[in-house]
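Subject: Structure for you to look through

Dear colleague,

I am handing over the structure below, and I would be glad if you opened it before reading on. My notes on what was found follow after it.

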Amino acid sequence: MSSSPALSARGSRLALLVVGLCWLAVLFDGLDMFIYGSVLPHLLETKTFGLTPDTAGDLGSYATFGMLVGALTAGTVADRVGRKKLMVGCVVLFSLASGVCAVAGSVEVFGLGRTLAGVGLGGLLPTAISMVSDYAPRGRAAVTIGLLMTAHHAGGILSAYVAKWLIDPVGWRAAFWVCVAPLLFAPVLAKFLPESLSFLVAKGRTEEATALAARYDVEVPAAKSGRKTAADRFDALAGLFRGGEWIQTLLYWLASFGGLLLVYGVATWLPTLMRAEGYALANALTFVVVFNLGGIVGMLVAGRAADLPHPRLRSGGGTPIGAPRISAVWFALTAAGVFLLSVHMSTTVTMIVVFLTGVFLNSAQTMIYATVSIRSTPDNRATAVGWTSGMGRFGAVFGPWLGGQLLAAGNGDWGFTAFALAGVSSMVFIGIAALRGARQTPVSADQELVGAH
């Protein structure tokens with residue numbers, strides 16, 4: 001059904017409003033997520049709280065464990081209170097939790113703050129993606145989500161500059177006070193962000209949905225027939241293991257585990273490991289900026305690629321490479337880049353390697369989610385992607401801990417090697433999944449997806 005020019009223009013303005021507000025929320029999410037890694041070299045050098053590398057690794061895992069909890073509970077909470085309220089609540093939670101870190105007098109209190117921040121961070125990102133998906137222009141969902149994901153890496157860039165500007169003149173606590181500032185953004189989000197139309201329709205609040213749609217001259221989404229019961233959800237999960245599907249499911253889970261171990265391990269330890277390689281702190285933090293610039297480019301490329309028309313898969317010649325094969329190649333390139341970082345090269349060459357590693361790493365993980373989405377049936381697609389992401393988050397918890405254990409054992413030189421091996425493992429698992437030739441189906445418009453960390 002075509003829309004009038006006026007309706008289309010108003011709808012575009014609404015999309016800009018929603019994407020803009022969600023982008024800022026995810027920017028603060030990224031700032032809070034990456035700030036710990038940016039201040040960590042200083043915390044270790046000054047032995048704040050008597051911090052050691054293994055304790056620092058534990059603290060890094062607390063936040064990612066909180067993210068696991070937040071991500072797994074976000075859908076249930078959003079179904080009850082709405083996506084808008086959940087987003088506001090998540091911003092308030094991780095902002096206040098950063099305040100706990102800023103005033104912490106012991107490693108236990110600091111760890112509590114990072115755990116609570118992780119819950120808010122983990123709940124916000126999937127909720128923001130859902131909001132943006134609701135209001136994205138028709139046929140532009142994936143590129144819009146890709147644009148949203150650039151905010152997470154922009155937050156990582158901001159965290160490096162916050163650390164560079166504040167740690168020496170003011171102290172590390174000031175960096176966490178900056179992360180409390182998004183608390184001022186929460187009322188703006190509450191006032192101007194519209195509730196999800198899909199949520200209102202699903203809850204039977206059709207009058208509210210109609211009024212909201214009329215205010216912005218957009219269409220009310222059609223109500224989906226039926227709601228999944230607990231038995232339906234269990235059946236969808238069981239379907240991932242029926243017949244030979246259990247092998248494919250485990251391959252996806254293992255690939256996601258290695259991918260997110262690599263993403264969050266590098267995010268936490270990159271500045272510290274670069275310091276261990278002999279680079280000055282200012283340069284080590286600059287590497288964080290460059291890595292996240294690569295992540296922004298990677299997300300934009302992945303979003304654009306996901307929005308391109310997908311040719312039908314055919315037997316014989318002309319079959320496209322496909323998301324799993326791209327993921328395998330990019331994980332191989334990521335592993336090579338991460339391993340090269342263990343070699344002391346010129347600063348310029350190192351910057352190029354860090355940038356390309358950021359491009360390939362984030363896009364490689366995205367292609368895992370895209371693969372699962374494309375190769376799943378409509379009735380279990382959400383379950384398949386959700387569980388692949390959930391299992392991967394155990395890797396996100398393990399990565400920061402692993403880096404800390406290696407440094408504590410005096411094996412810091414092996415840090416990049418260990419993370420490179422995680423990339424190789426993901427390459428192998430997603431490569432085997434591709435070679436096994438799981439059922440391949442044509443991609444329809446509603447299968448566009450850009451994965452979230």
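A helix here is a DSSP run of H or I with at least four residues, a strand is a run of E with at least two, and both are numbered from the N terminus. Please keep in mind that this is a predicted model, in which local features need pLDDT of at least 70 and side-chain atom pairs count only at pLDDT 80 or more, while totals for chains, interfaces and linings use all residues. Residues are numbered from 1 along each chain as its sequence is written, and side-chain values use heavy atoms, with hydrogens and water left out.

The protein chain comes to 16 helices and 0 strands. Of its 453 residues, 54% are buried, where buried means under 20% relative accessible area, exposed means over 50%, and partly exposed lies in between, with a 1.4 Å probe and protein chains only. Taking contacts (heavy atoms within 4.5 Å) between residues at least 6 apart in sequence, 83% join residues at least 24 apart.

The aromatic rings deserve a careful look. Rings of Phe, Tyr and Trp (for Trp, the six-membered ring) pair if their centres lie within 6.5 Å, and planes under 30 degrees apart count as stacked, over 60 as edge-to-face, and the rest as tilted. There are 14 aromatic pairs in the structure. One of them joins Phe110 and Trp172, which are edge-to-face at 5.9 Å centre to centre, with 70° between the planes. This pair links distant parts of the chain, since Phe110 lies in helix H4 (residues 107–135) and Trp172 in helix H6 (residues 172–178), 62 residues apart. Trp172 also pairs with Phe176: the ring centres are 5.9 Å apart and the planes stand at 85°, so this pair is edge-to-face. Both Trp172 and Phe176 belong to helix H6, where they are 4 residues apart, about one turn of the helix. Trp172 is buried, with a relative accessible area of 8%, and Phe176 counts as buried at 0% relative accessibility. Tyr36, Phe49, Phe110, Trp172 and Phe176 form one aromatic cluster.

Finally, the cysteines: the structure holds 0 disulfides, a disulfide being a pair of cysteine sulfur atoms within 2.5 Å. For Cys101, the closest cysteine sulfur is that of Cys179, at 8.8 Å, which is too far for a bond. Cys101 counts as buried at 1% relative accessibility, and Cys22 is buried with a relative accessible area of 0%.
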